[in-house]
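Q: I'm new to this structure and would like a close look at one part of it. Could you walk me through the aromatic rings and what sits around them?

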Protein chains: 2
Amino acid sequence: MYNRLTNLLGIRYPIIQAGMVWNSGWKLASSVSNSGGLGLIGAGSMTPEILNEHITKCQKATKLPFGVNLPLLYKQIEQHIKIILRHQVPVVFTSAGNPKIWTKTLQKEGVAVAHVVSSLKFALKAQESGVDIIVAEGFEAGGHNGREETTTMVLVPIIRKAMNLPLIAAGGIGSGRAMLAAMALGAEGVQIGSRFAITHESSSHSHFKQRVLDSMDGDTILTLKELTPVRLIKNAFYQEIKAAYQRGATKDELVTILGKDRAKLGMFEGDLDQGELEIGQVSAQFDSIKSARKLIDELIMEFNETFRSLKSM
Amino acid sequence: MYNRLTNLLGIRYPIIQAGMVWNSGWKLASSVSNSGGLGLIGAGSMTPEILNEHITKCQKATKLPFGVNLPLLYKQIEQHIKIILRHQVPVVFTSAGNPKIWTKTLQKEGVAVAHVVSSLKFALKAQESGVDIIVAEGFEAGGHNGREETTTMVLVPIIRKAMNLPLIAAGGIGSGRAMLAAMALGAEGVQIGSRFAITHESSSHSHFKQRVLDSMDGDTILTLKELTPVRLIKNAFYQEIKAAYQRGATKDELVTILGKDRAKLGMFEGDLDQGELEIGQVSAQFDSIKSARKLIDELIMEFNETFRSLKSM
């Protein structure tokens, strides 16, 4: 399974664990890296001090490469970047913002930069900014998402055809089957979020993990498109949003309903009613909570099994 | 590429051309069947007389199996069924309605029944009704669609895991790459709509074909979810719908805006502003209008090339 992406990232398997707010701290990231994938610390829910602590702990827990996911709209981004550079983190996945601003700064210090996009237009902009890797994320992905609603199945071949950069597929991938499908579509690796969110090592609340495990197809929705589009579980909080839409609420009213710290409340503190439960559609496929290592072993096993079954066609 | 699906349908390649209103008459269906796939006549836009004419012409144009796509909510469905049975059409694809009502009637006369679903719940209902084949259609598909918004990447493995019926993937498939991806996800065949809608043999208007060819990612949207959800190109007609949503229009107002015969106006008569231009997200990938035979040859070639490139990993 070696290719230029695994080579560039220094990993055994082309599996990237997505950096997810309130889920992916040093425990998850180091476990994934120790199991042959690339673990990402999700900096979006961390203060600079907390990020510093997680990187330090992660470096103690693994000698293998890991990275940081950095939302570019983050307020204290300069401090985050400084910490990342000071610790010589080898790779940063950026999202939600303009890749032109920080890519060169990171690359000058030897950091590889991957940028997450939801459309061809943004992929071309990222390429122009000189990023090393493109992550093409489809509509089915959990958490913050693009406005175009283009699915992984459609988006990956479009970007593959338009450019020759190393390409990672994201959104809807939680099995070895989907991993192979992503490779067929033209990706050289996969970024998996939701499935890692309910591993033992994920820092999210056990109530959240159980709710994700119980979810069925149709349980999530991409909403709040006027603010930042986000895919979440349709819980009581979502019903409030829905009711607001039905009475024709303004953008300001939606902002008020959203309030603050909803994601923390839902995913980290386990309030399944009032919290924001960010997860992808693929959550409908999950049948158990397991360790990151066991998950990666199973992904690879199913990938190989599926490949063999196709060969015998 | 033989498997139990190609065997059941008596076709060479596991490629089904979707039955599409105003696009797939006898010309397209017979060309597809003559090229090794399964052509479907789209009965949804035909009166019983017209359907009768198209089946008659299709039987003259090909000795190979073809089928009819039948929306189960169609008003004159009894007459359609009679015509299908009288002509001994070997396979019917049903959608948009309850498969319990007509499946046995068709099967008793030797017709194989495939039913299109958008969720696990509907797949289980279809299995209970005794259908022979399940078509799992994702959110990215053009035209009428489910309310769950589950994408092909996520839906196909869920249904594959839950049942052992022959399974066809639909939605987002317009290339050999995506065909192989669908197989990796657990499908035994693919239903392709949008890509066939802009073949020479499609009966849609040349203006419509050109507009589809020109479309980019993000140009389509799934809308009118309160009525029957439909994926269409965001044209002037869609802007009216959007404005209605923004002012909090009622369901009745939406029905009034939709009016009648919009799909015919857009796809068959070529009114790109006021017509309903139903097409899938995958339209963003298309780069030319070609014959059905050339398309099928290219699909198979790209499928094989992609397979070989994965083998060399």
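This is a predicted model: local features need pLDDT of at least 70, side-chain atom pairs count only at pLDDT 80 or more; totals for chains, interfaces and linings use all residues.

A: Let's start with two phenylalanines: A:F139 and B:F139 are both buried. Each one sits in a loop between β6 (133–137) and β7 (143–144), A:F139 in chain A and B:F139 in chain B, so this pair joins two chains. How do the two rings lie relative to each other? Their centres are 4.1 Å apart and their planes are at 5 degrees; stacking calls for planes under 30 degrees apart, so A:F139 and B:F139 count as stacked. B:F139 has another neighbour too: B:R231 lies over the face of its ring, 4.5 Å from the ring centre.

Now for another aromatic pair, B:W22 with B:F268. This one is tilted, with 5.0 Å from centre to centre and 40 degrees between the planes. It links distant parts of the chain: B:W22 is in the loop between β1 (15–17) and α2 (26–34) of chain B, while B:F268 belongs to helix α13 (residues 262–268) of chain B, and they are 246 residues apart.

If you zoom out, a search of the whole structure turns up 5 aromatic pairs over all chains, and the pair of A:F139 and B:F139 is one of the stacked kind. Over in chain A, there's also an arginine over a ring: A:R195 lies over the face of A:F286, 4.7 Å from the ring centre.

Terms used:
Residues are numbered from 1 along each chain as its sequence is written. Chains are lettered from A and ligands numbered from 1 in the order in which they are written. Side-chain values use heavy atoms; hydrogens and water are left out. Rings of Phe, Tyr and Trp (its six-membered ring) pair if their centres lie within 6.5 Å; planes under 30 degrees apart count as stacked, over 60 as edge-to-face and the rest as tilted. Helices (H or I, at least four residues) and strands (E, at least two) are DSSP runs, numbered from the N terminus. Buried means under 20% relative accessible area, exposed over 50%, partly exposed in between (1.4 Å probe, protein chains only). A charge sits over a ring if NZ of Lys or CZ of Arg is within 6 Å of the ring centre and within 35 degrees of the ring normal.
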